[in-house]
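Please open the structure in a viewer and keep the sequence at hand.

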Amino acid sequence: KRSDQNSNNGIKSHKISKEHTQLMLLFPRINRSLSSTLSIFYIYQSIPLTLAMTWSKTWDDILSGGNPRWKVNNMEAKRIALDHISKHVDTTKKKAFEILCPLAGDDQFVHYAWSNGHHVTSIDIVPKAVAAMRDQFGSDWEEEQKPENGMIVWKHKSGRATLYQGDVFTVRNELHGKFDAVYDKDSFGALGKHMRADFCDRLADYTKEGGIVYVEVKRKADDHPGKDQGPPFSVEKGDLMELGNFGNGFDYVESLGELYPIEIPSMAQTGHVLKRKSSSEL
């Protein structure tokens, strides 16, 4: 799912070397009932992939009230997340802080955190998801094209919300060391294991020294028939802190246990808090 200026919904075909990364994010979110958790998708490197139609249909269905897939439209879940973030960010220096939300889709957390006075930045490659996110804030947006990397940046007139429409793996130098906190709901556990290192590197680069990552992941029961399959993958502390993943740039702070109930059999929505290491620790 790559955003390019093309007549077909702004998405262009590419060979698997680029689209494999993007497809691993897409497939966990397409036409799966909440109880269907065992799908495994095999991609062949010789096949060019066109994803615009699939994404368009998926988001048309979600936004028209169809299967919500991975989404949690529960404001209590958003409150829980912001409470944990607020607990671990140093609020003695400032009450409002910068929060990054990678692969956010139209997650209501972004607007919720903004409504509570924080500065929010989201990244997602799906135009319809970004449009749905903008709608939560109203019409006060300015669009900025980034022709050098194919990005579109939407800036809210409040000066406290920025939405990047583009690939989360693209390096954005202006985000280096900017964020006090990262809100990651299910992104780590949706990625193929070979993609996690790059994802964690991006978050480490964007997080301030001493900043935190609040991460939500799925934990499957031991007797789950797809315990070792994914996406979504079953994620534990060891997976997060593996060297090459978050273990390089972050210290482990706390396991939050089960955060709130979800409607997927034999799975729990669990949380973890990580803290960015200082440069002297790296």
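Two strands are said to pair if DSSP finds at least two bridges between them. The model shown here is predicted.

**First selection: residues 141-146 and 151-156.** These are strand β3 and strand β4, which pair in the antiparallel sense over six bridges. Then turn to the hairpin of β3 and β4, which has four residues between the strands. Glycine 150 takes a positive phi near 75° there.

Select tryptophan 154 and its bridge partner in β5, leucine 163. The hairpin of β4 and β5 also has four residues between the strands, and in this hairpin glycine 159 takes a positive phi near 80°.

How are helix α3 and helix α4 placed relative to each other? They pack at an angle of about 55°, and their axes lie 10 Å apart; α3 and α4 are therefore oblique to each other. The crossing of α3 past α4 is right-handed. To see the contact, select Met75, Lys78, Arg79, Ala81, Leu82 and Ile85 on α3, together with Gln108, Phe109, Tyr112 and Ala113 on α4. Coloured by type, the residues of this contact comprise seven nonpolar, one polar and two charged.

Notes. Residues are numbered from 1 along each chain as its sequence is written. This is a predicted model: local features need pLDDT of at least 70, side-chain atom pairs count only at pLDDT 80 or more; totals for chains, interfaces and linings use all residues. Side-chain values use heavy atoms; hydrogens and water are left out. Buried means under 20% relative accessible area, exposed over 50%, partly exposed in between (1.4 Å probe, protein chains only). Helices (H or I, at least four residues) and strands (E, at least two) are DSSP runs, numbered from the N terminus. Axes are lines fitted to C-alpha atoms, for helices over the stretch in contact, and angles run from 0 to 180 degrees between N-to-C directions. Angles under 35 degrees count as roughly parallel, over 145 as roughly antiparallel, 65 to 115 as roughly perpendicular and the rest as oblique. A crossing is left-handed if the near helix is turned anticlockwise from the far one by less than a right angle, and right-handed if clockwise. Contact means heavy atoms within 4.5 Å. Ala, Val, Leu, Ile, Met, Phe, Trp, Tyr, Cys and Pro count as nonpolar, Asp, Glu, Lys and Arg as charged, and the others, Gly among them, as polar.
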